[in-house]
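I opened the notebook to record what I looked up in this structure. The entries follow the order in which I went through them.

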Amino acid sequence: MNNKLRIDNMWTEGIQSPLGIDVERPTLSWSYNVDSGRARKQTAYQIRVFNELEHKANIDSEIWNSGIIIGSQQTGIVYEGPELFSKKRYYWQVKVWDEHDQPSESPIEWWEMGLLKKEEWCGAWIGLADNHTGTSMPIYRREFTIKGAVTRARAYISGLGHYELSLNGVKVGDYELDPGWTEYDRTCLYTVYDISASVEEGVNAVGIMLGNGFYNVEGGRYTKFRDSYGKPKCICNLLIEYDNGTTEIISTDSTWQQGKSPLTFSCIYGGEDYDASLEQQGWNRPGFAELNDWDAAAVVSPPMGEMKAQTAPPVKVMKIFEPVAIMEPQPGVYVFDLGQNFSGWPIIEVEGLRGTVITLTPAELLDNNGLADQSQTGSPYRLNYVLRGAGREIWKPRFTYYGFRYVQVEGAIVAKGPIGQSMSHEKAILWDIKGQMIYPDISVTGKFHCSDPLINRIHEIINWSILSNMKSIFTDCPHREKLGWLEQVHLMGPSIMLNYDVEAIMSKVFCDMADAQLPNGLIPTTAPEYVVFQAPWQVFREAAAWGGAYILASWQTYQRYGNRSILERHYEGYRRYIDYLVQQSDGYILREGLGDWYDIGPKGPGFSQNTPVALAETAIFYELTTVMTNISSLLGKRAEEEAYKKLATRIKSAFNAEFFDPLKVQYATGSDTACAMPLIVDLVEEPYKETIFRALVQGIEERGCRTTSGDVGHRYVLNALELGGRSDIIWKMSQQSDEPGYGYQIKHGATTLTEAWDGPTVGKSQNHFMLGHLEEWLYRGLAGFDYHYDLETEQFVIHIKPSHLDGLDWVDVEHDLRVGLAKVQWKREGNRLSLKADIPVNCRANFYIPSSSADGVLEDNEIVSSNNQLKIIGYEDGYLCIQTGSGAYYFTSHSANVH
């Protein structure tokens with residue numbers, strides 16, 4: 001008999017041990033440890049939830065017991081117990097039974113509730129008055145006394161645009177750019193910190209520093225836009241629970257003191273100025289003597305948005321880069337090459353006279369003179385630091401960031417390195433400089449490696465761009481715009497989800513879309529919608545491939561994580577968006593939008609050149625309707641399911657009448673996108689599919705295996721080629737380095753994916769991930785690995801179909817599904833294929849093994865047809881199809897020379 005199942009990770013609302021959630025019926029999920037046993041599965045589960053005081057299997061402390069539920073479901077299970085209360089911690093445990101009815105129990109996990117009701121916030125918002133002038137930011141402090149032993153202490157805080165909270169002179173936590181960006185008139189996020197170990201018996205001091213962020217974009221240097229929800233403000237509740245059972249709350253109000261911050265300029269787009277000579281040492285420590293420039297904090301009006309707990313993973317400093325080269329293009333001007341383009345900020349260690357100014361100018365590229373070039377990324381962006389003149393000083397910005405590889409330094413000389421300079425009292429000494437990369441503290445769930453160095457490098461630059469543009473939203477670029485353009489959320493959604501655990505981030509992004517939705521149902525192209533595009537530029541606001549991410553990415557998230565709660569929570573918003581598209585359509589044709597943005601044509605990147613905008617927009621309209629049919633079916637909404645089926649039929653008829661020429665057997669211009677999108681979303685009638693696919697292949701081959709597709713169409717082109725059995729063309733496309741494409745970018749020095757196909761030479765942003773769709777193919781097409789959640793069986797189904805491409809000898813991938821870790825390793829030697837795979841517990845797998853005959857495949861040196869643990873589904877197109885359960889498998893085929 002096999003060993004008992006072992007539960008590994010446990011999630012509440014897609015987060016492990018979340019501190020502060022305000023979902024009244026949270027979802028629970030768990031995964032399993034690696035188990036090499038065959039066909040291991042969960043046959044039943046039982047969830048128990050306990051209160052905070054007594055959680056160790058004490059039946060009296062149990063507040064919910066699911067009972068024994070027969071089935072394989074282990075993700076997205078909704079808590080169905082009694083009402084949950086603010087600030088309380090709840091413990092939960094799951095018991096599971098395996099295929100032999102053996103029970104096993106998980107460790108005890110927990111979640112903690114935030115503040116569920118508006119009236120539970122104590123005190124008031126404090127901040128700068130609306131008529132405040134000047135660019136200096138405020139700081140706030142208050143002292144309080146801890147009167148005995150503390151059992152638990154929490155900080156509930158929202159600081160808009162961003163804040164830094166400190167206790168007794170020490171920053172609380174390691175979060176950056178907190179809270180996350182939202183439509184502040186709809187939602188304002190707050191964060192919960194465990195400060196139990198930070199407070200001390202006796203006198204304590206709490207300090208808050210504020211920055212503008214996206215809440216207050218006033219300009220002064222470069223800005224994408226200028227707008228304001230109000231002046232910086234904050235609210236903070238410190239909850240102190242004593243061991244005698246009493247509770248105390250210290251909250252922001254007019255008893256707090258307000259001072260001037262050394263932060264004299266704060267702009268999310270333009271940079272930051274910090275004057276350390278204005279620091280008041282000890283301002284956030286007990287015993288500080290407040291001088292005349294401190295006043296009672298001003299109580300201000302609260303923001304319009306509803307307070308909600310921030311549950312997306314916090315942004316942190318995740319990687320550090322050291323300089324790989326130092327240059328001096330002009331006397332006294334130094335440029336440091338950090339070797340990698342990324343988003344974040346520089347951190348410096350300097351020494352010099354009080355009042356000395358050091359200016360840092362980050363940039364992705366250098367100009368012809370070797371100086372920082374911000375011409376394509378938003379200029380001027382500067383970081384100015386004024387020394388306090390007290391030994392070595394370490395500084396980094398707090399409330400701004402940029403995308404860069406190079407840092408230009410003025411006002412200091414280099415203390416070490418290849419440039420030999422004598423020490424000077426006229427300039428500061430730069431002892432050290434590094435780059436700190438910031439992105440959410442997420443789990444890496446995917447690994448990809450293969451025998452081709454170029455493919456590996458493409459994988460790397462795509463992922464550097466994904467991480468560079470992942471904050472509390474998915475931005476288009478980390479400098480010039482920093483906006484949440486939505487098309488990449490669904491077009492790059494599978495690529496992101498194959499590499500990272502983003503369930504919680506996606507949940508936040510869908511809430512951003514819901515907040516941005518207009519009363520007429522429109523989902524704009526960006527969320528939060530900080531920039532509203534007006535006529536004649538409204539096409540930048542009303543594009544189905546962008547707004548449609550609300551539905552398409554939600555469906556992808558369900559397929560990858562198996563949690564249907566997102567679909568239930570947003571269904572009404574989906575319905576309103578489809579209704580809006582119907583109203584905007586002309587006989588079910590969407591004639592306005594951005595279409596296949598940034599395709600390749602004679603005019604350079606920008607508006608669609610090769611494919612009619614209406615074709616791409618209407619194809620997305622049809623895809624949205626078919627997905628809504630699936631969502632309605634999954635949620636048991638039968639009337640809506642039938643209505644969307646009928647709508648899809650009308651759109652399909654209108655689309656083919658408008659764009660399809662039956663004599664030429666061609667859609668519109670016959671471009672790559674015009675062929676691929678109808679094929680993938682199933683708009684092509686069966687008799688014409690082969691001809692349309694041949695036209696796609698022929699066009700790409702005639703251009704020397706180069707595509708003309710853009711931001712929207714490229715994913716559909718790749719999917720069409722792969723599903724049509726022509727991954728060999730994608731392989732050849734990926735190997736190009738003399739024409740615009742992935743290899744071209746790498747050949748010309750790109751370390752992140754660029755905005756345009758020829759980005760390193762044409763300029764534009766050097767850090768966009770919108771064209772990174774090849775990443776999905778690396779897993780699905782090259783490694784042959786893909787999966788989805790099957791509601792009927794309540795299991796994840798894994799598909800493994802190794803590619804056969806000349807020049808590729810082996811591929812090695814891993815992916816952490818919500819149920820556990822899957823691995824696929826395959827290698828080719830001549831006509832021999834060997835494939836090793838680990839299938840997680842509670843999963844099914846479909847293997848497609850290339851072979852010239854059904855008897856030519858072995859599993860662990862045994863002919864598969866004689867192995868009763870394997871189910872042969874069939875043999876087609878040179879592949880033997882085998883169905884398995886979980887476990888470790890080793891297949892070999894000695895006649896794997898099929899394409």
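**Entry 1: a helix over a sheet**

I note here that the model is predicted.

I looked up the pairing of strand 38 with strand 43 (residues 810–817): five bridges join the two, and they run antiparallel. Lysine 447 stands opposite glutamate 814 in strand 43.

**Entry 2**

I checked strand 12 (residues 138–146) against strand 22 (residues 257–260): they pair in the antiparallel sense over four bridges. Proline 138 stands opposite lysine 260 in strand 22.

**Entry 2: helix 11**

Helix 11 covers residues 689–702, which makes 14 residues. From first C-alpha to last I read 20 Å, close to the 20 Å expected at 1.5 Å a residue.

Which residues of helix 11 are buried? I listed Ile692, Phe693, Leu696, Val697, Gly699 and Ile700. They cover an arc of only 160° around the axis, which puts them on the same side of helix 11. The general rule is that an α-helix has 3.6 residues a turn, so residues three or four places apart point the same way. On the other side of helix 11, Glu690 and Glu702 are exposed.

What covers the buried residues of helix 11? I noted strand 39 (660–661) and strand 40 (666–667) among the covering elements. Helix 10 (672–680), helix 12 (713–723) and helix 13 (727–734) are also included. After helix 11 comes glycine 704, with a positive phi near 75°.

**Entry 3: aromatic pairs**

I searched the whole structure and got 51 aromatic pairs. I picked out tyrosine 274 and tyrosine 385: their ring centres are 6.1 Å apart and their planes at 10°, so the pair is stacked. The cut-off for stacked is planes under 30 degrees apart. This pair links distant parts of the chain, 111 residues apart. Tyrosine 274 sits in strand 24 (residues 271–275) and tyrosine 385 in strand 33 (residues 382–386). Both tyrosine 274 and tyrosine 385 are buried.

I also followed a cluster linked by ring pairs. Its members are Trp181, Tyr184, Phe214, Tyr215, Tyr222, Phe225, Tyr229, Tyr269, Tyr401 and Tyr530.

**Entry 4: two loop residues**

Threonine 525 is in the loop between helix 4 (503–516) and helix 5 (544–547). Is threonine 525 buried or exposed? At 1% relative accessibility, I count threonine 525 as buried, since buried means under 20%. Leaving out residues up to four places away in sequence, threonine 525 touches Gly484, Trp485, Leu486, Phe540, Arg541, Glu542, Ala543 and Trp546.

Glutamate 24 lies in the loop between strand 2 (19–21) and strand 3 (27–32). Glutamate 24 is exposed, with a relative accessible area of 58%.

Definitions and conventions: Residues are numbered from 1 along each chain as its sequence is written. This is a predicted model: local features need pLDDT of at least 70, side-chain atom pairs count only at pLDDT 80 or more; totals for chains, interfaces and linings use all residues. Side-chain values use heavy atoms; hydrogens and water are left out. The expected span of a helix is 1.5 Å times one less than its number of residues. Buried means under 20% relative accessible area, exposed over 50%, partly exposed in between (1.4 Å probe, protein chains only). The arc is that of the directions from the helix axis to the C-beta atoms. Contact means heavy atoms within 4.5 Å. Two strands pair if DSSP finds at least two bridges between them. Rings of Phe, Tyr and Trp (its six-membered ring) pair if their centres lie within 6.5 Å; planes under 30 degrees apart count as stacked, over 60 as edge-to-face and the rest as tilted.
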